[in-house]
Amino acid sequence: PAAAVLQLFKTLHRTRQQVFKNDARALEAARIKINEEFKNNKSETSSKKIEELMKIGSDVELLLRTSVIQGIHTDHNTLKLVPRKDLLVENVPYCDAPTQKQ
């Protein structure tokens, strides 16, 4: 389990570096939060609780990786979105009235 915890810690930091690339404030805030959460639960011994915390950590990593898009202020009321390559997926047309399966 210790190796899995360390792996998650490293993965979260790698994801943080990709998601908040070139944004010093966000990078630092995420770094502090990740380190803080792991430090606060460092002495946890309950394997059930550790499992729950690991699940939360991997959910957060997935959420960061798949849902966060950077925005850059270009002027006082314009934001330029900078999506990462792995976020750009084929657009699936929305169907308001799904067909019934026979």
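This is a predicted model: local features need pLDDT of at least 70, side-chain atom pairs count only at pLDDT 80 or more; totals for chains, interfaces and linings use all residues.
Helix α3 joins the picture through α1, with an angle of about 20 degrees between the two. Here is a friendly tour of the packing, the core and a few residues to look up as you go.

**α1 against α2**

- Helix α1 covers residues 2-19, and helix α2 covers residues 24-40.

**α1 against α3**

- Helix α3 spans residues 47-67, and its axis is 10 Å from that of α1 where the two pack.
- The angle of about 20 degrees makes α1 roughly parallel to α3, because it falls under the 35 degree cut-off.
- The crossing of α1 and α3 is left-handed.
- From α1, this contact uses A4, V5, L8, T11, L12, T15 and V19.
- From α3, it uses I50, M54, G57, S58, V60, E61, L64 and R65.

**The nonpolar core**

- Six residues make up the largest nonpolar core: V19, F20, A26, L27, A30 and L64.
- Helix α2 supplies the largest share of this core, with three residues.
- In soluble globular proteins, nonpolar side chains tend to be buried together.
- L64 touches T15, V19, F20 and R84, once neighbours within four places in sequence are set aside.

- H13 sits in helix α1 and counts as buried, because its relative accessibility is 12%, under the 20% cut-off.
- Beyond its neighbours within four places in sequence, H13 is in contact with R31, I34 and N35.
- E61 belongs to helix α3 and also counts as buried, at 9% relative accessibility.
- Apart from neighbours within four places in sequence, E61 contacts T11, L12 and T15.
- H13 and E61 are separated by 48 residues in sequence, while their C-alpha atoms are 9.1 Å apart in space.

- V60 is another α3 residue, and it is partly exposed because its relative accessible area is 38%, between the 20% and 50% cut-offs.
- From V60 to A4 there are 56 residues in sequence and 16 Å in space, C-alpha to C-alpha.
- N22 is located in the loop between α1 and α2.
- With a relative accessible area of 75%, N22 is exposed.
- The phi angle of N22 is near 65 degrees, a positive value in a residue other than glycine.

**What the record says**

- An unreviewed UniProt entry annotates residues 4-58 as "domain: Complex 1 LYR protein".
- In the model, residues 4-58 are 82% helix and 0% strand.
- The end C-alpha atoms of that span lie 11 Å apart.

Technical notes
Residues are numbered from 1 along each chain as its sequence is written. Side-chain values use heavy atoms; hydrogens and water are left out. A nonpolar core is a set of buried Ala, Val, Leu, Ile, Met, Phe, Trp, Tyr and Cys residues joined through side-chain atoms within 4.5 Å. Buried means under 20% relative accessible area, exposed over 50%, partly exposed in between (1.4 Å probe, protein chains only). Helices (H or I, at least four residues) and strands (E, at least two) are DSSP runs, numbered from the N terminus. Contact means heavy atoms within 4.5 Å. UniProt positions are given in the numbering used here, feature names are shortened, and annotations may be inferred rather than shown by experiment. Axes are lines fitted to C-alpha atoms, for helices over the stretch in contact, and angles run from 0 to 180 degrees between N-to-C directions. Angles under 35 degrees count as roughly parallel, over 145 as roughly antiparallel, 65 to 115 as roughly perpendicular and the rest as oblique. A crossing is left-handed if the near helix is turned anticlockwise from the far one by less than a right angle, and right-handed if clockwise.
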